[in-house]
Amino acid sequence: MNAITEDRFWDISMVVAFSKDTLVIGDKGKIPWGKCAEDLKRFKLITTGKLYGGDPCVIMGRKTYESIGKPLPDRINVVMSRNEEFKKRNNKPESNIVVCSDLDEIFDFLRSRDIYAPFVIGGSEMYSLFFPYCNRIFVTEFAKQYEGDTKFPMPQPHLDERSEWELFDEDTINDGEKPFRFYIWEMNT
Ligand SMILES: NC(=O)c1ccc[n+]([C@@H]2O[C@H](COP(=O)([O-])OP(=O)(O)OC[C@H]3O[C@@H](n4cnc5c(N)ncnc54)[C@H](OP(=O)(O)O)[C@@H]3O)[C@@H](O)[C@H]2O)c1
């Protein structure tokens, strides 16, 4: 709980895929392991989930939005940027793209739409910014150690040591070239 979310119960999740040990999530604006159908399927299933009545909503940084290249369908896409020009060009609420300049604007928008369970989908800057508000992290961990310039900013051992975080629902997928593991961290409240 934080001053900005004191008004009611929020259920904010992060969804991340990273490389085991290196915690790499991106390289030169792209995902180092390329497409992984099983992971994308799970990502869609999680982020299109309708919780507590609000519309499904994903929150991302401007760089992640540009690397995806288009809004994700069937979800409200909240994009964070300090760039007013970018905001003018891209803010299209009628097409489910809402550009916000700061946290207050994001939370005001979410309240106005009764969205209390959004998904923060990256990148690294967004994970850092939203970590204090978040109570769940959906992780896809690729077994191969990919290199890259962008990392998940909260190392696993750090989470391990925090007694208020609990690990559960592990599932290992041996997908040939790209074996990976799914798991969920949840805040014990
Ligand atoms: N593996 C995964 O799960 C995953 C998920 C998502 C992304 N990625 C990868 O991560 C990389 C991008 O991550 P990133 O950390 O470099 O960038 P990012 O978090 O996607 O976006 C950063 C941008 O967000 C805006 N921003 C950040 N803090 C802000 C604040 N307090 N107020 C207003 N705007 C703010 C700024 O936009 P402006 O510059 O426009 O002001 C900033 O440049 C890419 O390689 C992508 O492929 C991986």
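Predicted model: local features only at pLDDT ≥ 70, side-chain atom pairs only at ≥ 80, totals over all residues.
Biologist: In which sense do S3 and S4 pair, and over how many bridges?

Modeller: Strands of a sheet pair through backbone hydrogen bonds, either parallel or antiparallel. Here S3 and S4 pair in the parallel sense, over five bridges. Strands are DSSP runs of E, at least two residues long, and helices are runs of H or I of at least four, all numbered from the N terminus. To count as paired, two strands need at least two DSSP bridges between them.

Residues are numbered from 1 along each chain as its sequence is written.

Biologist: What joins S4 to S5?

Modeller: Four bridges, with the two strands running parallel. Val78 has Val98 as its bridge partner in S5.

Biologist: Which way do the residues of S4 point?

Modeller: In a regular strand the side chains alternate between the two faces of the sheet. In S4, Ile76, Val78 and Met80 point one way, Asn77 and Val79 the other way, and all are buried. Buried means 20 or more other C-beta atoms within 10 Å of the residue's own, with C-beta atoms placed from the backbone (exposed is 12 or fewer, partly exposed in between).

Biologist: Which residues does Ile59 touch?

Modeller: Leaving out residues up to four places away in sequence, its contacts include Val78, Met80, Ile106 and Val120. Contact means that C-beta atoms, placed from the backbone, lie within 7 Å.

Methods
Contact = placed C-beta atoms within 7 Å.
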